[in-house]
Amino acid sequence: MGRTVTVATCALNQWALDFDGNLARIFKSKGAARLLGYGCSDHYYESDTLLHSFEVLAKLLESPATQDIICDVGMPVMCRNVRYNCRVIFLNKKILLIRPKMILANAGNYRELRWFTPWSRARRVEEYFLPRMIQEVTGQETVPFGDAVLATKDTCLGSEICEELWAPNSPHIEMGLDGVEIFTNSSGSHHVLRKAHTRVDLVNSATAKNGGIYILANQKGCDGDRLYYDGCAMISMNGDTIAQGSQFSLNDVEVLVATLDLEDVRSYRAEISSRNLVASKVNSYPRIKVNFALSCSDDVCVSTCEPIKWRYYSPEEEISLGPACWLWDYLRRSNQAGFLLPLSGGIDSSATACIVYSMCRQVCLAVKNGNQGVLADVRRIVYDETYTPTDSRELCGRIFTTCYMASKNSSQDTYNRAKLLAEQIGSYHVNLNIDVAVKAIVGIFRAVMGRSPQFRVYGGSSRENLALQNVQARIRMVLAYLFAQLSHWARGMPGGLLVLGSANVDESLRGYLTKYDCSSADINPIGGISKTDLRCFIQYCMENFQLTALGSIMSAPPTAELEPLADGQVSQTDEEDMGMTYTELSVYGKLRKITKTGPYSMFCKLINMWKEIFTPREVASKVKHFFRMYSVNRHKMTTLTPAYHAENYSPEDNRFDLRPFLYNTAWTWQFRSIDEQFYDRDKPSSQCV
């Protein structure tokens, strides 16, 4: 009868410019993929990138592995000296269509308009002259290039590309009205906490309103920068999820397959009267005829797939899995032997340690499940071709070094917390004291300038107090890198270590960190995560990883321990130093970045949000303090350690949050606008704008 079709999608851990590795993963998947990874950035300007992409395409076209399968791969294509982001769709050594992207991602982390031009000729195609190397394989001189759909013997297929799904005028709408029954989308959608449901809802909504089968492929893994692409490949039909791919996995290749009944799409559409009225007037797409059928003539007895319920992770589970997978990709691709973390005994560094421990758990689980790629990587990392990890604590001891850097301002409590946590996760733990180095540095200053700075409690000024704190913090950074380079050498082991940072997103936003201190590292797995979420994550690790040491860490007030102790107890706390709570910081961050508020608009929103707990004057004072401290410290974002992107209010200066780093920190006009509200409110008939 010819009504059932088998479709497949995939999630591949592609790596920017790794043409050999990317080709191998595509061969393994036989599905939709990107030839050169996603995050090539300004390498897209290079003619080499286009050349090598076509060379890889030629390999795919020639391969027996791609025969009798309609394949869909992504690559940059130059047409009439204009560079487009394209899908190349081919079958049996023939290119059927080159479909350029029409709606480009150009917000947040994405800058596609920097490298590509959108195809603006809707429902139009033109001839594209193929490079000679491709002509020799396909026997084609030209192929269709533009906005078209494929008509096979039994159905019609259309292609969307990534951002087009998220746009209000998504191509699948008009395609579906014009009779396209199967939609494909190869996406590069990165992980953000609590985002997965948005992507799933978009896909299911696309097929719920208009019927059809939607096949989403999404990249996975660390492509070479701050983003982690979280897979979640899926197949949807008529508003229901039919197949779900994993969101976090160490598998480089994951393939989803589903068998579906085309008649289910047709009957679903037939009873939607409003859809059919619009469809009868739609402008048709150019159809590329394909002499190929997805179904078999005798398929009455073929069973089809049923809908499933999507399983979402909690934010705590996402933190446990996403940054851990990102760290694994970074570690194996950087050819280093492990990580070093300055472990202070506080929540932030402890959360980072727990993420590394979670990574080790996932590695052991992957090896147990027969993942030979992970086994080969871990053997290379530990320089032992016979090693097979079975215990996460034992693996942690091989690749993870933690270091407690004490000073005379450190308490016995934090020493004990760090030591106990290191024991429970199995890291190789080092204790050292930095007082000798601090004394030497301050001694150099005294010898040159003839004066000795003092802490505030001993009569020093605020400037002296801050300088003495910064000396301690910066010496810790220097020692972290020294131990990262030489600790394995001292232990008779090969390789160096990557230094991990542990400043959270809220502290970065406020600038509550010393420039070039332990927040300065190679990478930071928690730099895009809020303090509030980290506390929940610590609780999750206590309950699920049986790390009882985290109990005392959770209950202790956050402190930098950079000022003298009072009777052996911590006298300095982070929230007191900052002049705001971490909960307030998260609110400021979301309003500043996500809601796009300046000082005045933030004040107007907060006097309503906080009307039960603060007076308008108190709100004004808080808003002014935040913006003053944010602008004073914004320069620190220019040297912020590359961090896992997990929050949409990240202040990361490299590409996501583009702002000046030299401000007029008085904010005179803005703060005056806030103050004028008090003048107006003092009038009997006034209201706050």
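**View 1. Seven cavities of 30 Å³ or more sit inside this structure.** Here a cavity is a set of points, on a 1 Å grid over the protein atoms alone, where a 1.4 Å probe fits but cannot get out. Grid points are joined across faces, edges and corners, and a volume is the space filled by probe spheres set on the points. The largest cavity comes out at about 130 Å³. Its lining (residues with an atom within 4 Å of a point) holds 15 residues, with Y38, G39, Y110, W115 and R655 nearest the centre. By class, that lining splits into eight nonpolar, three polar and four charged residues. For the classes, Ala, Val, Leu, Ile, Met, Phe, Trp, Tyr, Cys and Pro are nonpolar, Asp, Glu, Lys and Arg are charged, and the others, Gly among them, are polar.

A quick note on the model and numbering. This is a predicted model, where local features need pLDDT of at least 70, side-chain atom pairs count only at pLDDT 80 or more, and totals for chains, interfaces and linings use all residues. Residues are numbered from 1 along each chain as its sequence is written, and side-chain values use heavy atoms, with hydrogens and water left out.

**View 2. Seven strands form an open sheet in the order 15-14-11-10-9-8-17, with mixed pairing.** Strands (E, at least two residues) and helices (H or I, at least four) are DSSP runs numbered from the N terminus, and two strands pair if DSSP finds at least two bridges between them. Strand 15 (240-244) and strand 17 (287-289) are the edges, each pairing on one side only. From one strand to the next, the twist averages 20 degrees. Zoom in on strand 9 (residues 156-161) and strand 10 (residues 182-187), and you'll find a parallel pair with five bridges. G158 has F183 of strand 10 as its bridge partner.

**View 3. Another open sheet has four strands in the order 20-19-18-21, with parallel pairing.** Strand 20 (428-433) and strand 21 (498-499) are at the edges with a single partner strand each, so one side of each has no neighbour in the sheet. Strand 18 (residues 339-342) and strand 19 (residues 400-406) are joined by four bridges in the parallel sense, and L341 stands opposite T402 in strand 19. Helix 10 (residues 347-368) lies across strand 18 and strand 19, running at about 155 degrees to strand 18. Angles run from 0 to 180 degrees between N-to-C directions, and axes are lines fitted to C-alpha atoms, for helices over the stretch in contact.

**View 4. The axes of helix 9 and helix 10 come within 8 Å and cross at roughly 75 degrees.** That makes helix 9 roughly perpendicular to helix 10 (65 to 115 degrees counts as roughly perpendicular). Contact means heavy atoms within 4.5 Å. On the helix 9 side, the contact residues include I319, L327 and W328, and on the helix 10 side they include I355, M359 and V363. The contact has twelve nonpolar, three polar and no charged residues.

**View 5. Helix 9 (residues 315-334) also packs with helix 17 (residues 531-544), at about 80 degrees and with axes 9 Å apart.** So helix 9 is roughly perpendicular to helix 17. E316, E317, I319 and S320 of helix 9 make the contact with D533, C536, F537 and Y540 of helix 17.

**View 6. Helix 20 (residues 582-594) and helix 22 (residues 616-633) pack at about 75 degrees, with axes 12 Å apart.** The two are therefore roughly perpendicular to each other. E584, L585, Y588 and R592 of helix 20 meet K622, F626 and Y630 of helix 22. That's four nonpolar, no polar and three charged residues.

Notes:
Parallel < 35°, antiparallel > 145°, perpendicular 65-115°, else oblique. 1 Å grid on protein atoms, 1.4 Å probe; cavity = no way out; pocket = protein on both sides within 12 Å on 5 of 7 lines; lining within 4 Å.
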